[in-house]
Structure formats: C-alpha cells, structure tokens
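Thanks for making the time this morning.

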Amino acid sequence: MEPRWHKTACNLCYVNCGLEMLVENDRITKVRGDRDSPKSQGYLCNKAARIPFYAHHRDRLTTPLRRRADGSFDAIDWDTAIAEIAARLRETAERHGGQAIALYGGGGQGNHAGGAYANALLRGLGSRHVFNALSQEKTGDFWVNGHMFGSQTCHTAEDVHHCDLLLVIGANPWIAHGFPNARDHLNKIRKDASRKLIVVDPRRSESAEMADLHLQVRPGADAFLLGAILAILVRRDALDHDFIAAHTTDFADVKAALLNVPVARWAEAADIAVAEIDRCVDMMMAARAMVVRVELGIQQGVNSTLNSYLEKLLIMLTGSFGRKGTNQLHSWLQPLWGNSPGQRFKPLDIEVIAGLLPPNALADAILVDHPDRLRALWIDSSNPANTAANTSAVEAALRTLDLCVVVDVAMTETARLAHYVLPASSQYEKTEFTLFNLEFPANYFHVRAGLVPPLAGTLPEPEIYLRLARAIGLMPGDNALAALREAARQSRPVFAAAFRGFMAENPKAAPLGALVLYDTLGRTLPDGVAAAAPLWGAALACAKRAPEAVRRALRAGADVPDERLGDALFDAVVRTRQGTAITQHEYDEVWSLVAHPDRKVRLAIPALLEWLGRLDPATALPPKAYPFILAAGQRRMFNANQIFRDPAWRRDDPDGALLITGTDLAALGAREGDWIAVESAAGRVVARAKVDDGLRPGLLALPHGYGQSYPTADGGRLSNGPRVNALTDSTNCDPIAGTPYHKHVAVRLAKVSAEEAAAYERQSQRIHKGELAAS
C-alpha cells in the first residue's frame with residue numbers, strides 16, 4: 001500500500017495528545033502532531049516522536065506460552081491456552097470462591113480499552129479485587145476528594161491556560177507534561193510579565209529553572225511547608241471569605257487547626273526561610289487566578305494523603321476554584337476508577353479506595369494466612385515485578401500462586417514468573433481509546449482505530465476475554481446474542497430495546513455487559529472499532545448527567561431530541577478519528593459536579609486535621625544508617641514507564657544514571673561516570689553516577705522505566721539499567737491509602753569493586769554499541 005498518514009493518539013502519558021502517524025509497508029515510520037486535534041492542536045513532545053520504537057521491536061510475543069516445571073516455556077496454540085486457563089479459573093472459583101482471584105492492571109502499556117473487558121471477566125467470576133498503577137500513585141488523593149467533594153470519582157482539573165499564577169508542587173511539567181501542551185504554556189507564562197510561576201521541588205528541575213520563585217523544600221517535608229503556607233494565609237487573613245461562606249462548610253475547624261501550626265518550626269523543618277514563604281503568600285494574594293498543579297512528588301512523598309488534603313485546602317481557602325484560570329472538577333465519559341467508601345479487603349483488613357487495592361498490599365494478600373487470600377492473579381498489560389515496591393517480595397509472592405496469567409505484548413519480567421503468557425496485539429494494531437479525560441471547561445475523548453495489522457499470533461484483549469468467558473461458560477447462548485446482533489444492524493433504538501430485554505432475561509450477564517456489547521453492537525461500528533462498544537452505555541449516562549454540556553460540545557440543536565442525545569454523543573466519539581469534545585461546561589457549572597447534595601465542599605476531614613496536629617519536625621531528617629534520600633522513579637526526557645522495551649529508543653541517559661551532587665559524589669571518593677552501589681534496607685542496585693548540582697545535598701534520583709531485559713543479537717538477553725524497586729519497601733507507605741513513599745527512600749552509597757564495575761561497564765557498552773537484536 002502507498003504510504004499514508006493516519007490520525008491517532010499518543011499512548012505514553014495520560015494527556016494522550018492527538019498524533020498523525022505515517023504507515024509504510026505495515027510499519028509506523030514517522031510521527032507528527034495532529035493539527036486537527038481539538039485538544040492538543042498539533043503539539044508533539046520528544047517521547048511521542050519515538051513511538052515507532054514501541055510499535056516495532058524484537059521482544060514481541062507471538063504465541064501463547066505455558067510454563068514448564070523447570071521454569072522454561074512451551075509454545076501452545078490459542079485454543080489450548082484458552083481451554084486450559086478457563087478450566088483452572090473455573091476450578092479456583094469453585095473451590096475457593098471468585099474472591100480468590102484478582103486482576104492486576106487491566107489496560108496498561110498506555111491503553112485503556114482492555115480494562116473494560118478484564119474487569120468484565122473478573123466480575124463474571126465473582127471478584128472485584130483490582131490492583132493497578134492508579135492505586136500505586138493516586139488513591140490518597142481520591143480518598144481526600146471523596147470526603148471533600150462527596151465522591152472519590154470527583155477529581156480536580158487545572159485551567160492552566162488562563163491562570164496568572166501557576167503553583168507547581170512536586171511536579172516537573174516541562175518533562176512529565178500532565179496537562180495539554182505543557183511546554184507551550186510554560187513558555188507563555190515565562191514570557192508574560194503579568195503571569196508568574198512558583199515551583200516547590202527539592203531539585204532545581206527544568207520547570208524550576210523557569211520559575212519566578214523556587215522553594216527547594218527538604219525531601220519529605222512538603223506537609224510542613226504546605227502547612228506553614230496555609231497558617232500564614234490564615235494569620236494574614238489572606239482568604240476568600242465570600243467564596244468560603246458560599247461554597248464550603250466547616251471552615252472554623254480548619255482555621256483553628258491552622259492557627260496552631262508553629263510556622264517558624266515548620267519552616268525550619270522544610271528548610272525554607274519564613275521570608276520566602278511570605279513571598280509565596282504575597283504572590284498568591286496578588287494573583288487574579290491561581291492554579292495549583294501537583295503530581296507524584298507529593299502524592300508518593302511522605303504524608304502523601306495529608307499532602308493531597310493540604311493542597312486542596314490551599315485551593316479552597318484562596319477561592320482558587322470554579323473560576324476561569326483556577327482549579328475545577330471535570331466531567332467523565334466513563335469514570336476511570338470507582339467510589340467505594342467504607343469497603344475493606346478482609347484478608348488484610350485494609351480500605352478499598354476508588355474500588356482499587358494498593359500494589360503495596362499485593363505480596364501480603366497472596367501470602368497471608370487467611371481463607372480468603374488471593375490464589376490466582378490475572379495480570380493485564382502490567383509489570384509488577386518491576387513497578388511494585390520491593391521487587392524481591394513481589395517475585396516471591398507471584399511464585400506461590402496457584403495460577404498466574406499475564407496478557408502483554410512482550411516477555412516482561414512478570415511474564416517470566418507466570419504459568420501462562422498470552423500475546424496481545426500492541427497499541428497501534430487494535431482499537432484503543434483514552435479514558436484519562438481530565439479537562440475543564442471542555443473535555444475530550446479519543447477513540448483510535450488500529451493503524452497496522454496485528455502481529456501474527458496475537459489477539460486484542462476484547463477477543464481474548466470473549467473467548468475465555470465462553471470457555472468458562474459465563475456468556476449467554478449464541479442464539480440470544482444472534483438476536484441482539486440483528487437488532488444492532490437494524491437501528492440504535494431497536495438495539496436499545498432488545499438489549500434491555502436481553503439483560504432482564506439474563507441477569508447473570510450483567511457483569512459481562514462489555515463483552516455482550518463487543519460481540520453485538522461492536523460489529524456495526526465504523527473502522528473496525530468494535531472494542532469501543534462499551535462506550536455506548538457510558539455515552540448515554542454522560543448525556544443524562546450533563547445534557548446541556550453535551551449539547552454544547554456536539555453543537556447539537558433542536559433536531560437532536562433529549563432521548564437521542566446519548567446516541568449522538570456515542571456516534572461522535574466512535575466516528576471521529578482526531579478525538580472530539582464530549583462536554584463543554586460553563587465555569588459556574590462546576591458546582592453541578594460536586595457530589596454532595598448541597599453542592600458544597602467539606603473543608604474539615606477530622607482524621608487529617610488530627611494528623612496535621614501531630615506532625616513532628618524531627619521526622620524530617622533521614623535516619624543515620626541511611627543518610628541519603630532517593631527519589632525513586634524520576635521522570636526524565638527519555639523514559640516512559642514500562643511502555644518502551646527497546647533501549648535503542650533513548651537518545652540520552654542510556655544507563656538510567658544515579659543523579660547526585662558533585663559534593664556528595666566527591667565525598668564518596670568517586671567521579672562522574674563511576675558505578676555506585678545504592679543500598680536500602682530492602683535491596684541493592686548499581687548505577688552509573690551523574691552529577692546534578694540542582695539537587696539538594698543528600699538527595700539522589702533514579703529513573704523509572706529501566707531494569708528491563710531485551711534480546712541480544714546472539715540470542716541472549718541484556719538488562720538495561722537499574723530495577724529501582726529492588727530498593728523500595730512496601731511498608732514505607734501512606735497509612736490511609738497504602739501509597740508507597742517512592743520519592744523518599746532512605747539509602748546509603750558505596751563504591752563497587754573494580755571487578756563489579758568492569759562487569760557493568762561491559763554490559764553498558766554492549767547496549768551502547770547496538771548489540772541488541774535489531775528493531
């Protein structure tokens with residue numbers, strides 16, 4: 001076929017910018033920003049330009065695999081794999097109950113469509129136990145939102161484009177983005193004298209270099225700094241009292257708690273001069289519209305749930321919410337997580353937040369002596385052996401499972417521990433869609449069709465789960481589904497009536513709704529996007545929740561009656577290859593998204609005010625036995641979670657260097673480029689040292705996305721860079737959400753022997769010289 005540009009979206013971060021990709025001879029060869037994308041309007045970052053390295057690499061799986069007793073694998077056909085796995089899942093559910101089965105992931109490698117089908121199978125088996133990356137990072141924030149806004153699915157957005165003060169806490173949007181067209185907007189703020197940027201970060205990051213004020217906080221002391229800022233705001237009465245009175249409750253309790261904050265002591269704990277905190281408050285008071293942007297620096301830092309609460313108080317007490325250029329809530333086409341207040345996981349007696357279990361609890365959930373412990377784990381497009389805290393504990397737990405199945409595009413570190421490995425088609429070989437729709441006032445959704453043929457031997461996740469559900473005996477008979485397929489071919493109203501009747505007659509099929517829609521309505525969708533069929537129900541619900549916002553987004557007039565609005569939204573979503581707006585709100589409509597019946601924000605969370613009151617500045621110092629603090633999992637110019645397997649994609653930092661100040665490195669008797677051992681209470685890794693004097697003394701950084709093995713040209717495999725979670729400890733975590741304190745890992749350093757350094761150097765040179773299998 002002739003070379004052709006196709007519209008699609010990026011799979012590397014949750015902003016999911018619109019892209020165009022040139023396909024030649026069934027391969028993606030070039031990437032550019034899509035100027036027709038209503039969301040990103042042609043924006044392209046350096047990582048997205050390297051997507052061909054993701055799409056076409058030599059570590060792809062092309063046949064199902066079954067583990068042998070000796071740990072090696074046999075290639076088997078799909079029918080055998082489906083039959084054997086179905087029998088073992090059915091046996092586990094019958095012997096121990098469905099709750100003995102859990103899902104880890106469900107839409108990884110930057111995709112989301114597979115999650116609907118993985119969850120459908122899990123619920124069909126009688127379980128709701130799900131672990132994923134969101135509960136590795138964000139559930140403390142979701143817990144706070146549940147209390148303040150009335151539902152854990154309420155989630156704040158940032159109107160960065162119109163603010164005159166951007167306050168960035170624990171984030172580096174120049175590298176990690178986090179909002180559309182991040183670098184463009186940072187440059188606009190930098191060049192506009194009327195707009196200001198404040199960055200809170202223990203490293204002088206690329207974003208901090210652009211800031212008008214950089215508060216270089218002591219690692220792990222964010223709560224002290226945020227508490228001091230809030231206390232000064234209260235004492236100076238620099239609050240929006242009209243906003244507080246109109247839109248919040250319980251201010252008096254919060255004010256009393258903040259007046260008890262010892263500002264000077266907490267400023268000392270944060271190692272920020274009180275004068276600098278006063279300057280920060282002055283800038284807030286002078287701002288017309290402030291946006292607060294946070295990320296994993298505080299969400300995976302010490303006191304993470306408390307940090308999220310203090311961040312929200314900062315927004316609310318200054319009235320930086322619900323106006324142009326401030327923070328907002330956003331709509332959903334389909335919430336990416338749930339609302340589960342009060343639910344608990346019985347084997348460990350821990351809270352289930354947003355319908356998710358924390359990966360920090362995974363090993364214990366498998367190994368605990370409890371009749372309801374986990375015995376089978378389904379891992380979809382995730383790699384917990386690399387990404388969950390305490391690698392050795394996770395690997396040990398996975399080896400004890402009665403059944404472990406991995407669905408992925410490559411032979412990951414986790415797949416090597418599984419009983420069965422099923423090869424999925426990759427992102428751009430199948431239908432996908434972007435569920436991270438976090439914008440306000442306009443919110444966008446993007447369904448992308450496959451661009452290149454699936455690799456022979458692979459299947460898309462919906463097909464994998466449909467075959468399994470049939471083999472287990474969960475799906476209704478084909479005659480009933482045939483009637484639904486015929487109804488779908490006739491018209492949407494006919495299908496809607498038939499679908500309602502079908503579900504009424506087959507109540508056991510309710511958990512499998514996504515699979516039923518895929519196998520019926522999906523067959524009628526354009527461009528082969530059958531996997532988007534479950535979005536039909538989501539579109540109907542979205543139109544019912546926010547009809548006026550949907551009408552504005554679709555520019556739908558009186559010719560679209562209310563009863564057809566959801567179908568119109570669904571049709572727009574599945575037919576528009578460059579993405580489309582799903583809602584367009586007015587700013588004052590943000591209050592309709594607050595879930596409390598009175599639409600007011602609850603400021604006081606007693607458990608967190610108590611936590612605030614017992615903060616001890618002495619805890620801000622590292623333990624003597626491990627005098628350095630490691631920020632584990634740093635985002636850099638050339639890393640992207642576990643999505644890229646081929647290390648050749650990196651133009652910089654091929655070894656995943658340990659960042660360290662020149663003074664700290666010299667005190668160790670080492671030089672830049674030396675191999676250094678990093679040791680924690682949990683484990684040890686070796687990394688190449690690189691000087692970064694933007695770090696505070698005593699602070700180190702290692703990146704995420706390394707530690708993966710990749711095939712060499714001679715048939716072997718090489719591991720590329722440090723497996724950072726060999727250092728992290730699952731018990732070093734938030735007491736409410738279980739979120740790991742990855743940004744605050746106590747470590748010590750040591751020079752390695754000449755022999756060990758030489759071995760690491762030889763491996764590094766093999767990678768640098770391109771001795772890996774050619775892509």
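Helices (H or I, at least four residues) and strands (E, at least two) are DSSP runs here, numbered from the N terminus. What we are looking at is a predicted model, in which local features need pLDDT of at least 70 and side-chain atom pairs count only at pLDDT 80 or more, while totals for chains, interfaces and linings use all residues. Residues are numbered from 1 along each chain as its sequence is written, and side-chain values use heavy atoms, with hydrogens and water left out.

Let me begin with the backbone. Most residues other than glycine have a negative phi, and most peptide bonds are trans. His177, in the loop between α6 (173-176) and α7 (182-191), has a phi near 60°, which is a positive value in a residue other than glycine. Buried means under 20% relative accessible area, exposed means over 50%, and partly exposed is in between, with a 1.4 Å probe and protein chains only; His177, at 8% relative accessibility, therefore counts as buried. Asn641 also has a positive phi, of about 50°, although it is not a glycine, and it is found in the loop between β25 (628-634) and β26 (658-660). At 39% relative accessibility, Asn641 counts as partly exposed. There is also a cis peptide bond to point out, from Phe440 to Pro441, with omega near 10°, and Pro441 lies in the loop between β20 and β21 (442-445).

Now to the packing. A nonpolar core is a set of buried Ala, Val, Leu, Ile, Met, Phe, Trp, Tyr and Cys residues joined through side-chain atoms within 4.5 Å. On that rule the largest core has 190 residues, and those with the most contacts inside it are Met148, Tyr309, Leu333, Trp378 and Leu603. Helix α9 (residues 222-235) gives the most to this core, with eleven residues. Apart from this core lies another, of 29 residues, with Leu61, Ala397, Ala415 and Ala418 among them. If we take contact to mean heavy atoms within 4.5 Å, and do not count residues up to four places away in sequence, then the residues that Leu603 touches include Met148, Ile244, Phe251, Tyr309 and Leu317, as well as Asp250.

The aromatic rings deserve a look of their own. Rings of Phe, Tyr and Trp (its six-membered ring) pair if their centres lie within 6.5 Å, and planes under 30 degrees apart count as stacked, over 60 as edge-to-face and the rest as tilted. The structure holds 19 aromatic pairs. One of them joins Tyr54 and Tyr428, edge-to-face, at 6.3 Å centre to centre and with 80° between the planes. Tyr54 lies in helix α1 (residues 51-55) and Tyr428 in the loop between β19 (420-423) and β20 (432-433), so this pair ties together parts that are 374 residues apart in sequence. Tyr54 is buried, with a relative accessible area of 1%, and Tyr428 is buried with a value of 1%. Elsewhere, Phe149, Phe243, Phe321 and Trp591 form one aromatic cluster.

On a 1 Å grid over the protein atoms alone, a cavity is a set of points where a 1.4 Å probe fits but cannot get out, and lining residues have an atom within 4 Å of a point. Grid points are joined across faces, edges and corners, and a volume is the space filled by probe spheres set on the points. How many cavities of 30 Å³ or more does this rule give? The count comes to two.

The largest cavity holds about 80 Å³ of space, and of the 16 residues that line it, the closest to its centre are Asn16, Lys39, Tyr444, Phe445 and His446. For residue classes, Ala, Val, Leu, Ile, Met, Phe, Trp, Tyr, Cys and Pro count as nonpolar, Asp, Glu, Lys and Arg as charged, and the others, Gly among them, as polar. The lining of the largest cavity then has five nonpolar, ten polar and one charged residues. The second largest cavity holds about 60 Å³, and its lining divides into nine nonpolar, no polar and no charged residues, among them Leu89, Trp378 and Tyr465. The largest share of that lining, three residues, comes from α3.

Notes:
On a 1 Å grid over the protein atoms alone, a cavity is a set of points where a 1.4 Å probe fits but cannot get out, and a pocket is an open set with protein on both sides within 12 Å along at least five of seven lines; lining residues have an atom within 4 Å of a point.
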